[in-house]
Amino acid sequence: MKMLLKKTWRDIWTRKGQFGAIVVLVALGIASYVIFVGAALDLGAAAETSNEDLALADFSAQVQSAPASVVGEIESIDGVAAVQGRLVVDTGMDMGDDEVAARVIGLPANAHPVVNDVLPIDGEYLSPDDPRGVLLSNSFASERDIAVGDTLSVRAGGATTELTVRGIVVSIEYLFPRRTKAELPNAAEFAVVFAAQDEVEALFGQPGTVNEFGILVEDGADRQQVIADVEEVLSPYYVLTTVKQEDQPSNFGVNEEITQNRTMAGLIPMLVLAISTSSLAIALSRLVQSQRGEIGLSKALGYTDGQILLQYLAFSLFIALLGSVLGIGLGFWGQWGVGQTYQTFLNLPLLESVLRFEAVGGAVALSTLACIVAGIAPAIRSARMLPARAMHQDPNLSQTKGSIPVIERLLGWAMPKSLAFRMPLRNVFRNRRRALYTVIGTVFSLILIISMWAMNDAFGFFLGDQFKSVELWDATVAFGQFEPTSRADEIASLDGVTRVDSVVVVPLTIVVGDTEREITLTGMEPDAGFHGFKVAEGADAPDTLRAGDIVLPETLAKVLDVGAGDAVLLESPFIDAPVSATVGSVSEEMLGIPVFASTEFASRLAGTSVPVMNAAYVFYDGDQGTLERSLYSLPGVANVQVKQVVVDMLETMLGLALFFMAIMFAFAFLVAFVVLYNTITTNVIERTREIATMQTIGEDRTHLAWMVTSENLLLAVVSVPIGVWLGLQAAGVMFEAISTEVYTLPAYINPNSYVWIVLSILGILLLAEVPPIRRIFRLDLAEATKVME
Amino acid sequence: MTPATATGAVATLEGITKTYKMGEVSIHALNGVDLTLERGEFVVVLGPSGSGKTTLLNLLGGIDSPTSGRIVVDGEDITNHKRNQLTYYRREKVGFIFQFFNLIPTLTAIENVQYAFQLAARDGSAPDTDPQSLLERVGIGDRASHFPSQMSGGEQQRVAVARALAKDPWLILGDEPTGNLDFRMGKLVLGTLKQLSEQGKTVVVVTHNSPIAAIADRVLHIRDGKIFEEERNENPLSPDELVW
């Protein structure tokens, strides 16, 4: 047995190139699994730990304004474990060159809050002795390079107040820095400032008041009942929204990220593993087949079937072992890299990259099993043969059967007479299994490449389309409260403003049967031009608005299972009874879940009998920084968003997705290369004598290289359409899986990309040919013409 | 017997040595070989395994290069030829016949011959041969459209002979050309080779099979990399008379 194992080792050494390629394939399969599953588990664990350690509220309730004493009333409700009342005010902050949106949140100065705590990562927590000392969210601090001791100029009560940064903190509520889950996180443009509750009350002239309650529910308590009881207690103070933990904007984003990662972990590694294991099976099967004579000899010398099988088992396990070690190493390195990227994008301080059994075990088990099955199955076939037959080498019997393929019979008259042209064509058909392996390899590679490419294109399309044909405005301005529509004239009078569309945005709950969703409804004039509608079903958007109906985004319509003409119920915090509305149009929206109605209809839901506004879309011709400052200078303005800043921010956010894409692109190209290298090398090795004979009788190396290339190109002609079609299907599944209620990725591929994809696969094909062609060039003709195949 | 068409030397080997390095060991496959091959000669090279006879054939065929010495074939000094020069040399001047026939399995009998013809014609004028006539000449004209897998060993080897002739070479080299053939087929192939030498081709056959030497014009005995004995057959047998 020792001798057989020695032979195994020498077999490995003889075919080190191919062996290495198989090991790399196994490693890539395992690595991709470890990276995606590991990263998803790391993120999940970090989110869970953070939620627990920093006591993320099980739900929170926002009211217009309530006395601080109401906190005591909520505490006494059955099922409430803890409650934190605070004053939250949205305002602006002067950053010198520009203005940013700021949310100022009141916290107890003498102790950490019992709900929605913050974790200081630099400096110190608030102190009653330092009323102007505040805490700043770490995401904004790092984006704007702000450190402890720096000063913040916060707008409050029509003036600017200087506050000193006392600590930089991580807030579990603002890992994704955004106010609503429909909003895009924007670390550079949205500051979260935590100040002493008394100080916030004083700054904004609201002494003794709170407007937000974070509540922890006791274990075992019925959260829905607790929510109902809390809303009952808060009803005198106008409950604006009640947000459950899973809908909390940041938590929702983190969970979406985890879900997307898990989805990717379920798709990409499986694809890579499938490719690597099938390639492994093919390569090992061909290797064992080529050693049929040696197997026969071993049997003739007295080795048992079991010992021979054990030899190939050792060979397979060695591949699995090396692939696993390499894959785990590479995977963990990738997982760590993803963790670092999460740190950068999400500022998750509690994120730790841990090598987890769940991530490693499955991949290793699957790969090992594939290695064993791939190696053992052909060995069993050979071991079953009688030694004499296995060893028999009759040049006639080993001769490949020749035939003229149908295509040549039909079109031969139109083909060049040169046999150097016809041989590659016949080679494609001479060994269908070999051709099939090459096709499978190319198809698998294309599936990976197209999936990734499509995602890249979809993001590009998303950014381009959304901000060129949907979001047509230049800036948005939000007021802290409802204002008369005449405020739009003030904005219109600003220098450079060419048009203003006033809107009224109302937080609502939309209900259909048992399904309900928290949404924001935008009331607008039918002739407003800030939003480009793509109506998928029903009337044109302006007609719907004129008719007093609503425009619903397609994703929400699907969730609610409604279409044009169906009725929905809208529950507004500003009016007592739900209002029925008819869905007039269903529109395709890629970003957010915007619901639109007329200004009158929305104003009614805002509880007023006259049209009001609390936001406006501004069209502007000039410097956007100037516009931003002018808008912030208007009384009552809580937030200004400039479109270009949103686009930049979105691009930054997509950087995370691009990072993943870069990893997957690398995987796709590497897998494609290794699969094709293995297939082509084996194709060449199996025809060593034939190629050597051709060289011996005078074929030159250039023509031989061309023959190998044209054979592969002919196979590519078959593989590319299949691969492209399957790749598109895979991309569709992936898009479906990663699209959420908040954004929908269109299954879009730029027509130019098809050219690039085909060129890429051809490039990889040509690159993968280099080693086997070099092998051809280095053939020892004297030896190779005597090889028995 | 002197071939009717023989006129002078086709190939000359002077002081040829060939040393293979295997790790730290040097193997002297050929050690100071001098040889001249005449036009129209049928030469059989005999010797035990490892004696250097195949190395000699490889050097003549331009699929290996000598460590020292000089090889001139048909007036062309191939001693220091680069790989591509050797390719052109083989393409135009040498016909090979292998023990395992080595036909291209995806080409029919006539296409195998045409392939060699097309190769020889690639760089200039086409050789003055006709693939179909060549197949008829070796007695398998009726098998022209058959693939190698549809032919017996003897038929395949005769296709290989026709292929070797397609470029109309002066030199035909056979490495154990009957090694995988039965007695009857072996004689048929040798008969064809003998005819070729009689028509002016120089044929060199390397073999273990000593009875074959009886049909040669000249027999070279090689041992330890040296031609230690050279016999001239004044009355070579006809292949039909061979027994082994």
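## Salt bridges, the A–B contact and cavities

The side chains of A:Arg155 and A:Glu99 pair up in a salt bridge, N to O at 2.3 Å (a side-chain nitrogen of Lys or Arg within 4 Å of a carboxyl oxygen of Asp or Glu). This is a predicted model, where local features need pLDDT of at least 70 and side-chain atom pairs count only at pLDDT 80 or more, while totals for chains, interfaces and linings use all residues. Residues are numbered from 1 along each chain as its sequence is written, chains are lettered from A and ligands numbered from 1 in the order in which they are written, and side-chain values use heavy atoms, leaving out hydrogens and water.

- A:Arg155 sits in strand 7 (residues 151–156) of chain A and A:Glu99 in strand 4 (residues 99–107) of chain A, so to speak distant parts of the chain, 56 residues apart; helices (H or I, at least four residues) and strands (E, at least two) are DSSP runs, numbered from the N terminus.
- Over all chains, the tally is 33 salt bridges.

**Where chain B meets chain A**
- Chain A puts 37 residues into the contact and chain B puts in 35, with contact meaning heavy atoms within 4.5 Å.
- About 3100 Å² is buried between the two chains, 57% of it from carbon and sulfur atoms (buried area is the accessible area, with a 1.4 Å probe, that two parts lose on being put together, summed over both).
- B:Arg83, B:Phe100 and B:Thr106 supply 20% of the area that chain B buries against chain A, more than any other three residues.
- Four salt bridges run between chain B and chain A.
- A:Asp700 and B:Arg91 join their side chains in a salt bridge at 2.5 Å, N to O.
- On the side of chain B that touches chain A, the elements giving two or more residues are helix 1, helix 2 (83–93), helix 3 (109–122) and helix 5 (153–166) of chain B.
- Helix 3 of chain B gives the largest share of that side, six residues.

**Cavities**
- There are six cavities of 30 Å³ or more; on a 1 Å grid over the protein atoms alone, a cavity is a set of points where a 1.4 Å probe fits but cannot get out, and lining residues have an atom within 4 Å of a point.
- The largest cavity has a volume of about 140 Å³, a volume being the space filled by probe spheres set on the points, which are joined across faces, edges and corners.
- Of the 15 residues lining the largest cavity, A:Thr785, A:Lys786, B:Asn58, B:Phe98 and B:Asp175 are the closest to its centre.

Definitions and conventions
1 Å grid on protein atoms, 1.4 Å probe; cavity = no way out; pocket = protein on both sides within 12 Å on 5 of 7 lines; lining within 4 Å.
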